[in-house]
Amino acid sequence: MNGSLPRPPSIDVLKGQAKRLRATLGSSNTPITHSKSLELLAHQYGYKDWNTLHAAAGNGRPTCPVSLSDKVQGHYLGQPFKGEVVGVQALTSPDRFRVTLQFDEPIDVVTFGSFSNLRRRVSHIIDSAGKTAEKTSDGRPHMQLAI
């Protein structure tokens with residue numbers, strides 16, 4: 001996940017950190033408001049404001065392990081790949097995300113030697129660990145992102 005911020009802790013943990021920050025600054029004669037402590041905390045995590053950090057942390061709902069334009073690698077139908085995320089969609093079922101990947105090099109999805117079928121772009125539903133629920137006949141996920 002190049003260029004993306006690390007996943008922040010839960011909202012409750014963040015609010016506790018903001019409360020301790022406010023108390024610490026207040027005890028050293030630098031009183032700040034609670035909202036100011038939330039904003040400072042957001043900046044520490046690399047977000048522009050509290051609302052953005054709050055959205056990134058969510059309310060305990062799993063987040064997608066990749067973001068749009070991330071460079072990724074992993075295995076697709078048992079073959080290694082490198083590519084770019086060109087589409088991400090959160091689904092209504094918990095811990096499921098539809099991702100569309102554009103491979104750097106086409107992947108032959110046929111294992112039979114007489115013919116081939118090259119794929120350059122695929123869409124799959126993955127979980128927060130970056131793997132599909134669907135498996136090949138040997139038990140491996142159709143897609144597994146290296147996270």
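**Reading a predicted model**

Trainee: What does Lys71 count as, at 44% relative accessibility?

Mentor: Lys71 counts as partly exposed at 44% relative accessibility, because buried means under 20% and exposed over 50%. Keep in mind that this is a predicted model.

Trainee: With which residue does Lys71 form a salt bridge?

Mentor: The partner of Lys71 is Glu84, and their closest N and O atoms are 3.3 Å apart. The pair links distant parts of the chain, since Lys71 is in strand 1 and Glu84 in strand 2, 13 residues apart. Glu84, at 27% relative accessibility, is also partly exposed.

Trainee: How many salt bridges does the count come to?

Mentor: The count comes to 2 salt bridges. One of them joins Asp138 and Arg140, with 3.0 Å between the closest N and O atoms. Arg140 has a relative accessible area of 44%, so it is partly exposed.

Trainee: Now for nonpolar cores. Which residues have the most contacts inside the largest one?

Mentor: Start with the general idea: in soluble globular proteins, nonpolar side chains tend to be buried together. Here the largest nonpolar core has 15 residues, and Phe81, Leu101 and Leu145 have the most contacts inside it. Strands 1 (71-76), 2 (79-90), 3 (97-108), 4 (118-126) and 5 (143-145) each give two or more residues to this core. Strand 3 supplies the largest share, 5 residues. Apart from this core lies another, of 10 residues, among them Leu38, Leu41, Trp50 and Leu53.

Trainee: What is Phe81 in contact with, leaving aside neighbours within four places in sequence?

Mentor: The contacts of Phe81 beyond those neighbours include Val72, Tyr76, Leu101, Phe103, Ile107, Met143 and Leu145.

Trainee: How should I describe two packed helices?

Mentor: Two packed helices are described by the angle and the distance between their axes. In this model, the axes of helix 1 (residues 11-27) and helix 3 (residues 50-57) come within 9 Å and cross at roughly 145 degrees. Helix 1 contributes Ile11, Leu14 and Lys15 to the contact, while helix 3 contributes Trp50, Leu53, His54 and Ala57. By class, that contact has 5 nonpolar, 1 polar and 1 charged residues.

Trainee: Last, Ser37. Is Ser37 buried or exposed?

Mentor: Ser37 has 0% relative accessibility, so it counts as buried. Ser37 lies in helix 2 (residues 34-44), and its side chain reaches the backbone oxygen of His34 at 2.6 Å. Leaving aside neighbours within four places in sequence, Ser37 is in contact with Ala18, Leu21, Arg22 and Ile32.

Technical notes. Residues numbered from 1 in each chain as written. Predicted model: local features only at pLDDT ≥ 70, side-chain atom pairs only at ≥ 80, totals over all residues. Heavy atoms only, no water. Core = buried A, V, L, I, M, F, W, Y, C linked by side-chain atoms within 4.5 Å. Buried < 20%, exposed > 50% of the residue type's maximum accessible area, 1.4 Å probe, protein only. Helix = DSSP H or I, 4+ residues; strand = E, 2+ residues; numbered from the N terminus. Contact = heavy atoms within 4.5 Å. Axes fitted to C-alpha atoms, helices over the stretch in contact; angles between N-to-C directions. Nonpolar A, V, L, I, M, F, W, Y, C, P; charged D, E, K, R; others polar. Salt bridge = Lys/Arg side-chain N within 4 Å of Asp/Glu carboxyl O. Polar contact = N/O pair within 3.5 Å; in protein donor to acceptor, adjacent residues only side chain to side chain.
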